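Here's a quick briefing to read alongside the model.

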Amino acid sequence: MYENALQRGEKGHLLQNSSEIWDLVDAKARQSIALSDNVWDVPELLYEEHESARLHTEMLEAEGFTVTRNLGGIATAVMGEAGEGGPVIAILGEYDALPGLSQEAGADAPAPLVAGGNGHGCGHNLLGAGALAAATAVKDYLALHGLPGRVRYYGCPAEEGGAAKTFLVRDGHFDDVDAALSWHPMSFNGVIPALTLAVSMVDFHFSGRTAHAAVAPHLGRSALDAVELMSVGVNYLREHVPQDCRIHYAYLDAGGRAPNVVQSQATVRYSVRALRAADMRDLVARVRRVADGAAMMTDTKVNSTVITAMSEMLENTPLNRLLHDNLARVGPPQFDAEDRDYASRIQATLVPEAISAAFEGAGIAPVQTPLHEAIVPLEASGVPMLGSTDLGDVSWVVPFAQAQQATHAIGTPGHTWQITAQGKSPAAHKAMINVAKALASTALDLMTDPKHLAAAKADHARRVADNPYVPPLAPDAQPRVP
């Protein structure tokens, strides 16, 4: 299966079907799986993915890509390019992990490898390796047949709250890209609908004046009171916002542990989300006014810092259709009885509502199988649970589409130990290699058939004509660990 397909072709002789590019993915499958597993073994958090970035960089160099390290001044961002002339097609990967999700691979019960340690609870070890596998196959195909075109692999850090792609977009690192593709490990196979929330994460720091809370409380100006009053104000605000908006908060600094000291400093972090970036910006402004009011009521001062921000996803109908057609041609992953058995054991750890909600979100009827072995119709209309991703900003500056592939049991919630446990399973490996074939085929279609790229660009231009992209980050904002 993994024999070197490059040895079976002659430069300049084009096959008339997709099987050759799929063979090129299979030819490097062992290396791709090893990369995924090696990244799984070194789970690193946002902007700290130094070993993961090194592993991706080494593979890019070994495969002959021209590599740009420290892309955009971000130490853990890397870009590899291959080919000459023609359109530039980007395939985006990620490799950041999550805190507190350390877990033994292949287990069906909580079993942390490191107590409180990191883990790949969103499958980004698979995401990065699968995207690089697709880019490598495209590179090999272009070289084998002497075709014009450039393929780029973007190794993107800090998707989990760091918004690295938003910084890269803002600073022009996608300006010469003609179209971009990516994928994400999920419970189902198909195209991911372009439904995400724009978000801005803002820290509000209140400064007051300390005092003895019993002897001289009148001399104090409590920053903690200000934070609590801000919470009250925002909670009343929730009744008067669009239904698609979300506001979350967490206390970063409550001012200390001594109740007999008036707290002079306190900090709260807010995440503000909406279906449209314009609504998100308006809501952030309203939250800021609530903070100003809380400061006024408590005679304190407040300043705010935007930590990250991301735009919502922009649809591209022709590119979604092209990606779906290639997913259908490749077909779903071919799982076996052992894959289904392990997935069933994982499902036994889930509440039934998680499984039914997964089918409802995908817009398909429930079936009695622990792993999805079909392709979700492009027209399926589900009720997805909406999150946020910095891929949204990519979609505003270049035609973009994203696939999903069934790397784990149906209903497995993201950001859980169950995802980490399944991250090195044979089923996950099969799905990763499978989706790489669809991504590679789609990239080649965009390079070799001008009508596909023209349609995607026309759709994108139409959508942004009356609603141009507004970067959600200020020009002087810098990547940082939230």
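In this predicted model, Glu20, Ile21, Leu24 and Val25 of helix α1 meet a set of α4 residues: Ala133, Ala137, Val138, Asp140, Tyr141, Leu144 and His145. Sorted by type, the residues of this α1–α4 contact come out as eight nonpolar, one polar and two charged.

**How the helices cross**
- Helix α1 covers residues 19-27 and helix α4 covers residues 124-145; their axes come within 9 Å and cross at roughly 125°.
- As for handedness, the α1/α4 crossing is right-handed.

**Nonpolar cores**
- Ile21 and Val138 turn up again in the largest nonpolar core, which has 58 residues; together with Val151 and Trp183 they have the most contacts inside it.
- A separate core of 33 residues lies apart from that one, with Tyr47, Ile74, Ala164 and Tyr469 among its members.
- Skipping neighbours within four places in sequence, Val138 is in contact with Ile21, Val151, Ala440, Ala443, Leu444 and Met447.

**Gln402**
- Gln402 sits in strand β11, which spans residues 400-406.
- Its relative accessibility is 8%, and buried means under 20%, so Gln402 counts as buried.
- Leaving out residues up to four places away in sequence, Gln402 touches Ser182, Trp183, His184, Val191, Ile192, Met313, Leu323 and Leu391.
- Gln402 and Asn320 are 82 residues apart along the chain, with 7.7 Å between their C-alpha atoms.

Conventions
Residues are numbered from 1 along each chain as its sequence is written. This is a predicted model: local features need pLDDT of at least 70, side-chain atom pairs count only at pLDDT 80 or more; totals for chains, interfaces and linings use all residues. Side-chain values use heavy atoms; hydrogens and water are left out. A nonpolar core is a set of buried Ala, Val, Leu, Ile, Met, Phe, Trp, Tyr and Cys residues joined through side-chain atoms within 4.5 Å. Buried means under 20% relative accessible area, exposed over 50%, partly exposed in between (1.4 Å probe, protein chains only). Contact means heavy atoms within 4.5 Å. Axes are lines fitted to C-alpha atoms, for helices over the stretch in contact, and angles run from 0 to 180 degrees between N-to-C directions. Helices (H or I, at least four residues) and strands (E, at least two) are DSSP runs, numbered from the N terminus. A crossing is left-handed if the near helix is turned anticlockwise from the far one by less than a right angle, and right-handed if clockwise. Ala, Val, Leu, Ile, Met, Phe, Trp, Tyr, Cys and Pro count as nonpolar, Asp, Glu, Lys and Arg as charged, and the others, Gly among them, as polar.
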